[in-house]
Structure formats: C-alpha cells, structure tokens
Amino acid sequence: MNEKVLKTLEYTKITEMLAGKAGSAPGKKLCRELVPSTDLDEIRRNQRQTADALRRLFQFGSTSFGNNKDIGFTIRSLEVGSTLSILELLNIASMLDNVSRIKAYGRRDRGGGRDVTEDDGARDTLDEYFELLTPLTGLSNEIHRCILSEEEIADDASPKLKSIRRSMIQTNDKIHGQLTSMLSGSYRSYLQDAVITMRDNRYCIPIKAEYKGQVNGMIHDQSATGSTYFIEPAAVVELNNRLRELELEEKEEIGRILADLSAQAAAHTEELADDQKIMTLLDFIFAKAELAMELNATEPIFNTDHYVNIRKGRHPLLDKKKVVPIDIHLGKDFDLLIITGPNTGGKTVSLKTMGLLTLMGQAGLHIPAADRSELSIFTEVYADIGDEQSIEQSLSTFSSHMKRIVYILKHADAGSLCLFDELGAGTDPTEGAALAIAILSFLHDRGIRTMATTHYSELKIYALSTSFVENASCEFSVETLQPTYRLLIGIPGKSNAFAISSKLGLPEDIIEAAREQIGREDKTFEDVISDLEQSRITIEKEQLEIARHKERIRTLQEQLQQKNDKIDQAKDRILREANEKAREILQEAKEVADETIRDFNKAGAGADIKELEKKRQKVRDKINEKNERLSVGGNSQKAPEKKTIDPKKLKKGDTVKIVSMGLKGTVSTLPDAKGGLFVQCGIIRTRTNVKDLVYAEEETVSTPPLKRSSSGSGSGKIKMSKSLSVSTEINLLGKTVDEALSVLDKYLDDAYLAHLPSVRVVHGKGTGALRNAVHGHLKRLKYVQEYRLGEYGEGDSGVTIVTFK
C-alpha cells in the first residue's frame with residue numbers, strides 16, 4: 001500500500017494503538033511496522049492467528065511478554081566468543097523465564113491434566129509456535145544461581161569465589177580489630193575523631209596534624225583545613241595489601257564465572273535466537289487479539305470478487321460507546337457509490353470507515369463490525385480526503401485536490417479501491433460538477449470500486465440515471481438539527497440548508513429570496529428527494545411493524561403447533577393406558593369366571609349347597625373389591641363423599657378434580673349459564689361441567705426427616721405445584737459460560753422430555769465465546785438432531801435454533 005493512504009486514513013494511529021497492546025520492545029516494533037497485505041492466503045492465516053489468540057484470551061486470560069528483549073547483539077557477541085556482562089546474562093535468563101511461562105500458557109492440557117482433543121477447539125494455528133519454544137531451564141537456573149543482581153555475584157557461584165570472600169571477611173575483621181585497639185589505646189590522644197575511615201581503598205585513622213610524626217605509617221590524605229592527616233598505621237599495611245590482593249582475585253574469579261556462563265549460553269545461540277523471534281511474533285499476535293477485544297472487533301470474511309459488505313461498522317478511532325454503526329456494501333449491485341448530505345452529517349467518516357477497515361482487514365486485524373462482514377482484497381487503496389492546500393508550492397485547495405486525483409487516475413486499476421471526499425469542490429460549481437461526473441465515469445467504465453462524497457445535485461442525478469452507480473445519504477434530523485450518522489444506501493441526500501438556516505433564526509424573507517434564486521428544476525429535484533425521504537421513513541416504520549407482526553405470528557404458530565403435538569401425544573398415551581387397563585380387567589374377569597365354572601363342574605349333582613354358597617360369596621366379594629378399586633377415588637378404604645362446588649364461589653386458578661375422568665387441573669374459565677367451563681389438566685384443556693367437579697388439594701411431597709435437637713423432631717411436607725409447560729426459548733444473556741451451560745443443560749433435558757420439536761437459545765453476538773461454548777455443548781448431546789444460527793428475523797447470529805431427534 002502507498003504510504004500516502006496510510007497517513008490519510010489514519011492507519012498509523014491504529015498501528016500505534018496496536019503497539020500499545022504489545023508487552024515488549026521488539027513486539028511494539030513489529031506492530032508499528034505492520035502493513036496491509038495483498039496475499040489472500042497470508043491474510044487469512046494472519047486473521048486466523050488473531051482469532052485463535054483472541055479465543056485464548058477469553059478462555060485463559062491475558063499473559064505478559066515484557067521480558068522479551070532484543071538480544072540480537074548479545075547473540076552475535078556469543079557467536080564470536082565474547083564474554084557477556086552481568087546485565088546481558090540477566091537479560092537472557094529473564095527472557096528464558098518468560099519463555100517458560102509462555103510455553104506453559106500455551107500447553108494443550110490446560111483442562112486440569114485431561115486429554116484435549118481437536119473437538120475441544122484446543123488445536124489452533126498458535127500451537128506450533130508454543131511447541132517450538134525452548135525454555136533452556138538449565139541455563140536460566142545456572143545464571144540465576146550465579147548472579148543475584150546487576151551488582152552482585154552469588155558467593156556460591158564457585159568454590160574458589162566462596163573461599164576468596166571468606167578470606168576477605170577474615171582479613172577485614174583483623175584490620176578492624178587492630179585499628180580498634182589503636183583507637184582505644186596508645187593513639188587515643190592523637191586522634192581527631194575515634195573512627196576508622198577509607199582512603200584510596202585502604203583503611204586509615206584520622207590523626208591531628210601536630211601528632212603526625214608520632215604515628216608510624218603511610219599518609220594517604222589530608223583534610224581541607226590541614227588540621228587532620230589520614231594515616232594507614234604500619235601494623236595494618238600488610239593486611240590492607242592482602243585485602244587488595246583478595247579483591248583482585250575476586251574480580252578475576254568473577255570474570256572466569258561470567259566467561260563460563262557465556263560459554264554455556266554460546267552453546268544455545270540458535271535456540272536463543274529462535275526463542276526471541278517466536279516470542280516477538282507471539283507478542284505481536286496477542287497484541288492484535290488485545291486490540292480486537294478492546295474494539296469488540298470480529299474476523300471478516302474475505303473474497304476476491306471486489307465485493308465489500310460491512311455490517312454495523314464503526315470507525316475504530318471514535319468512541320465505541322457513542323459512534324453510530326453503519327452498513328456499507330459495494331461491488332455487487334453497483335461499483336460506484338455517491339454519498340450526499342449536509343456537512344457534519346458523517347459523509348467523511350463513512351468514507352474513512354470503508355477505507356480504514358479495508359486496510360485493517362488486509363493487515364490481519366479484526367475489524368470493529370458485526371460478524372459475517374465481508375471484505376475483498378484490493379491491491380491498492382487510494383484516498384483524496386481533506387484539504388492539502390500548500391502555500392509553499394502555491395497550490396490552491398482545488399489544485400492540491402486535482403494533483404492528487406491525477407495521480408490516482410494514472411495508477412488505479414480494477415483491483416483498486418478509490419475514495420474521494422467532496423469531489424470537484426473548490427472551483428466553479430458548474431465546472432466542478434461536470435469534472436466530477438467525468439472523473440467518476442472514467443473510473444466506472446474501468447470497473448474500479450469507488451466511493452465519493454459531494455453536495456452537487458448533478459452527481460445525484462448521474463447516480464440515478466447510470467447503471468451500477470448508486471446514491472447514498474447520511475441521515476439528518478431537521479427537527480433536532482442533529483445528524484443521526486446513519487448511512488442510507490439507495491437514497492440521495494438533501495443539503496437542508498434552508499431548513500437549518502430557518503431553525504437557527506435566519507429571517508424568512510431572506511430564505512424566500514434565496515429560494516427564488518434556485519431554478520425550477522432544482523426545486524423539483526429537491527422536492528422529489530424530500531418525498532423520497534418521507535416515503536423511506538414511512539416504509540421503514542411499516543416494515544418494522546410488519547416484522548414485529550410476523551415474528552408474533554411465527555411465535556404463536558410455533559406455540560400452537562407445540563400445544564397440538566402435546567395434546568396428540570397425551571391423547572395417545574391416555575388411550576394406550578386405557579386399553580391396557582381394559583385388557584387387564586377383561587383378563588382378570590375371565591380368570592375369575594373360569595375358576596367359578598371349574599368349581600361348579602367339580603361339585604357335580606351331589607354338591608354341598610353351603611360350600612357352593614361360600615364360593616359364590618367369595619366371587620361376589622372379589623367383584624365388589626374390583627368395583628371399589630375402579631370407582632373414582634376408590635381405594636381399600638371407604639371413598640370420601642364428594643364436596644359439591646358452588647358455581648358462584650368458583651374462581652380462576654382453583655385446583656379441582658374432574659370426577660368422571662379422575663384428572664386434576666386448574667380452572668381456566670368461569671362457568672357459563674349451563675355450568676360449562678374449561679379446566680387445564682397439565683397440557684390438556686378440557687371442557688366439562690361444574691357438576692362433575694370437586695375441590696382437590698395440591699399434591700404434597702414428603703421430604704426426609706429433618707435432623708433436630710433433642711427438644712424437637714419430625715418431618716416436613718412440601719406442597720409443590722407442578723407445571724407441565726416448558727418455554728420454547730431460553731435467554732442466556734449476561735451469564736458466564738459456566739453458568740450458561742449449567743442452565744442450558746437442564747433446560748434442554750426438560751424441553752426434550754416435554755417433546756418440544758425445537759427450541760430457541762438466545763446467547764447474543766458479543767465476542768462469540770458464549771456462542772462457541774453453546775455449540776460445543778450441543779455437539780455432544782445425543783438427542784439433538786441439528787442446530788443452526790438464526791436467520792434474518794430470527795435473531796441473526798445472536799440466536800441458535802436447536803432441533804431434537
């Protein structure tokens with residue numbers, strides 16, 4: 001891409017935002033060097049890497065690459081056999097520690113040690129990078145063992161260093177012992193101060209000037225006033241010399257230790273270089289993911305047909321809480337889009353949004369737009385936006401624009417995207433409009449995708465009268481004098497100069513005089529645009545109303561179908577149970593009859609009448625027992641008497657029992673003049689008569705005995721109202737993934753047991769994490785036949801439709 005367009009569309013501000021997300025200096029450098037690509041495979045690979053990093057951020061949280069430093073010079077020093085400094089070795093150890101943490105972050109077994117499969121979505125384009133990292137733990141640990149800080153080498157770095165430092169401590173103690181005895185002994189009266197001091201890295205004592213000849217030793221310094229001499233007593237000269245020798249030995253041993261550590265690092269220069277390169281690349285990729293998270297951006301779909309369809313696109317440099325999303329499409333039904341409308345209405349922002357999102361997408365960055373937005377690969381993007389008037393070059397506004405346009409026309413081809421702001425402005429309106437039409441026609445004839453903003457009515461007419469050229473406008477509310485910033489494709493815009501001036505208080509006579517200066521054709525054209533705008537607003541409102549009614553009708557149809565299905569299923573079950581019960585009754589009656597016949601046949605002509613009477617009574621008792629069991633409410637005890645219901649006291653929602661059917665339910669409607677009413681028995685709504693009803697208590701469910709103190713005991717009973725209705729929709733918005741999956745799992749079980757054919761799961765669009773988790777859960781359920789994202793009118797990608805087997 002040409003450097004000019006990167007500056008014009010403020011792409012460099014995006015790379016600066018990206019650099020702010022990187023954790024290391026090499027990563028920030030890579031971010032600032034990011035430029036759009038024209039290789040489709042490379043773009044898709046970069047987009048996939050950004051998406052995989054974003055998924056890891058949502059799943060595992062962020063990580064840090066702060067200790068990744070540029071060690072290129074250090075590696076070259078190792079390759080030529082140089083000894084590294086303490087700081088250079090510490091930088092290597094810090095980077096290796098960071099490598100170890102990043103490698104652990106990228107492990108595929110982060111699910112608590114379980115085996116992760118491809119179905120879990122754990123294998124992605126970043127796994128290869130994490131696997132190629134080599135932490136070199138042994139080298140890192142050795143550096144940390146030997147080097148404590150930038151100023152300190154550990155005593156245990158080597159046995160010799162430990163011995164030298166032990167000797168230094170002992171020698172120091174001897175020197176302090178000798179000097180302390182002198183301070184408190186014979187030299188006490190000669191001292192300026194009773195302290196031990198250092199001069200030229202040798203221990204001395206301060207002696208008054210008049211007594212310097214009384215102290216045997218070497219003079220190292222004199223005070224500014226000359227009243228004090230700093231003398232090294234002869235008794236500690238040898239000890240001081242020994243201390244200096246030990247210090248030299250310590251320095252030499254430290255150099256040997258650093259050389260040894262450098263030699264160990266030199267054996268791994270290739271691994272160190274690869275680690276630094278991979279860490280920088282991962283830092284860059286995760287910076288892109290962090291930026292996508294901040295912008296609430298999504299991965300665009302790419303094509304090579306020069307077709308662009310940006311859904312709910314937002315300019316990334318504007319406040320995402322205030323910016324109004326816009327829809328832009330170009331390249332399918334038309335290849336040239338002319339945007340009109342008043343100043344400050346959002347025309348230039350729409351133009352920049354188109355260009356900047358194209359550049360971001362081709363750079364491998366997610367774009368701040370709704371999912372399933374489409375971008376195409378453009379070999380070049382050209383933009384003439386803003387006033388580039390140059391006093392030094394004696395160029396007017398028009399000249400500077402024209403110079404840029406000439407360059408664009410010379411270099412643009414069918415693979416280019418051209419953006420023009422206020423095309424033809426800065427000169428005579430008639431000539432400017434004619435020139436703008438000629439330029440657009442030149443681009444249109446060559447199939448170059450073009451967007452241009454203008455105020456000229458001639459360009460609006462050109463768009464209306466030319467195939468594959470379309471008008472668009474930025475909506476403006478004359479009532480509030482505020483732009484809505486909505487981009488309306490297919491509708492030319494009005495400048496609204498008269499309406500705005502009137503609202504701001506310009507006298508009506510001036511406005512009328514201005515209207516008289518406009519030609520009749522211009523007035524008619526503006527009136528047509530006004531009518532189109534009014535018609536558009538009316539149609540939009542009607543379409544919204546129709547869409548709401550359609551959605552309501554669809555919901556009611558689904559509910560009715562589900563209710564009918566439930567009734568059919570309940571009817572089949574009741575008939576099946578009734579047939580089975582009848583078969584059992586007939587079978588039992590047959591067995592009783594057969595037994596009775598056998599008994600009478602065995603008795604013969606000389607049978608005992610009393611014995612036969614006993615058997616007959618036994619059969620009668622069996623029949624009576626069966627009748628009692630089959631009677632409504634019958635059991636081994638005496639059936640309770642029916643409590644008649646007063647129709648006047650009956651209320652909706654009362655729990656009743658239909659005597660003839662033996663079913664419990666709730667009153668749906670009050671009795672009519674003949675006592676007829678509807679009772680809801682579970683999923684079945686039955687019409688019956690109040691005479692066939694008795695009051696019924698709610699079912700009680702006994703709970704296990706509750707543990708109490710010695711002062712009390714007993715068990716509780718819980719009254720529970722059972723509902724057989726299950727909603728056809730569940731809303732998961734606002735829930736975490738774990739909460740949502742727990743609620744969703746129980747809901748799907750209930751819906752399946754209730755024989756619902758399909759349900760609607762509302763998870764929202766957002767980052768897509770909740771949607772992916774829902775789809776992963778649905779994939780593992782055996783009773784789910786299929787699932788799909790919602791279509792237009794169903795909730796789009798914020799909803800998943802689930803169909804059961």
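**Cavity and sheets**

Student: How do the residues lining the largest cavity divide into nonpolar, polar and charged?
Tutor: Three are nonpolar, two polar and three charged. Here Asp, Glu, Lys and Arg count as charged; Ala, Val, Leu, Ile, Met, Phe, Trp, Tyr, Cys and Pro count as nonpolar; the others, Gly among them, are polar.

Student: What am I looking at?
Tutor: A predicted model: local features need pLDDT of at least 70 and side-chain atom pairs pLDDT 80 or more, while totals for chains, interfaces and linings use all residues. Residues are numbered from 1 along each chain as its sequence is written, and side-chain values use heavy atoms, without hydrogens or water.

Student: Back to the cavity. Which residues line it?
Tutor: Asp384, His401, Ile405, Asp421, Glu422, Leu423, Gly424 and Ala425. A cavity is a set of points on a 1 Å grid over the protein atoms alone where a 1.4 Å probe fits but cannot get out, and lining residues have an atom within 4 Å of a point.

Student: How much space lies in it?
Tutor: About 30 Å³. The count of cavities of 30 Å³ or more comes to one. Points join across faces, edges and corners, and volume is the space filled by probe spheres set on them.

Student: New topic. In what order do β3, β4, β5 and β6 sit in their sheet?
Tutor: β3-β4-β6-β5, in an open sheet with antiparallel pairing. Strands are DSSP E runs of at least two residues, and helices are H or I runs of at least four, numbered from the N terminus. Strands pair if DSSP finds at least two bridges between them.

Student: Why is one side of β3 and β5 left without a neighbour?
Tutor: β3 (197-199) and β5 (217-222) stand at the edges, so each has a single partner strand. The twist averages 50° from one strand to the next.

Student: How many bridges join β5 and β6?
Tutor: Five, and β6 covers residues 228-233. Asp221 stands opposite Phe230 in β6.

Student: Which strands does helix α9 touch?
Tutor: β4 (202-208) and β6. α9 (159-183) makes about 10° with β4. Contact means heavy atoms within 4.5 Å. Angles run from 0 to 180 degrees between N-to-C directions of lines fitted to C-alpha atoms, for helices over the stretch in contact.

Student: And where does α10 lie?
Tutor: α10 (residues 237-266) lies across β4, β5 and β6, at about 145° to β4.

Student: What follows α11?
Tutor: Asn296, with a positive phi near 55°.

Notes. 1 Å grid on protein atoms, 1.4 Å probe; cavity = no way out; pocket = protein on both sides within 12 Å on 5 of 7 lines; lining within 4 Å.
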